[in-house]
Amino acid sequence: MNDRELLELAAAMRSRAYAPYSRFAVGAALLTEDGRVFTGCNVENAAYGSSICAERCALLKAVSEGVRGGFAALAIVGSGADYCWPCGACRQMLYEFAPDLRLLVANGRGESVSCSLRELLPHGFGAQAME
Ligand code: THU
């Protein structure tokens, strides 16, 4: 699975988004080092704060299937002209399980950039701080 394929999977997952309130569909695809992929989409709720982002959807699918580490990359594809940078809550959740995760962040035009989670969440609060 190369970066382009991972981005394509994430882009396709936008069709699964349940986003009647924002009308902003997001798809995500989380690749493990052994080649498995966990996909996600945003799922909104009439009580807006109960909504979940595509990134956390993908991460929680992995964790709930017993996969807690060995993550290689996460592709995130939004619907707008701007790159779909993960929100603060997603950055924090991802940091718990994959502080060195590589991110592929895309917009709705098929353009993408690569960065690391540590760049987006410097000095993150993680498991080591609780020791
Ligand atoms: N959203 C995501 O799923 N991921 C992001 O990185 C940014 C925002 C969702 C949350 C909400 O359903 C909609 O996009 C608008 O904020």
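Ligand site. I listed the residues with a heavy atom within 4 Å of the ligand: Ser-22, Phe-24, Val-26, Asn-42, Glu-44, Cys-53, Ala-54, Glu-55, Cys-84, Trp-85 and Pro-86. This is a predicted model, where local features need pLDDT of at least 70 and side-chain atom pairs 80 or more, while totals for chains, interfaces and linings use all residues. Numbering starts from 1 along each chain as its sequence is written, and side-chain values use heavy atoms, without hydrogens and water.

Polar contacts. I looked for pairs of N or O atoms within 3.5 Å. The Asn-42 side chain has an N or O atom 2.9 Å from a ligand oxygen. For Glu-44, I found a polar side-chain atom 2.5 Å from an oxygen of the ligand. Glu-55 also places a side-chain N or O atom 2.5 Å from a ligand oxygen. How much of the ligand does the protein bury? It buries 77% of the 370 Å² that the ligand exposes when taken alone (Shrake-Rupley method, 1.4 Å probe).

Sheet. I traced 5 strands (DSSP E runs of at least two residues) in an open, mixed sheet, ordered β2-β1-β3-β4-β5. Pairing here takes at least two DSSP bridges between strands. β2 (37-41) and β5 (112-116) are the edges; each has a single partner strand, so one side of each lacks a neighbour in the sheet.

Inside the sheet. I checked β1 (residues 27-32) against β3 (residues 71-77): they run antiparallel, joined by 6 bridges. Leu-30 sits opposite Leu-74 of β3.

Note on methods: Polar contact = N/O pair within 3.5 Å; in protein donor to acceptor, adjacent residues only side chain to side chain. Helix = DSSP H or I, 4+ residues; strand = E, 2+ residues; numbered from the N terminus.
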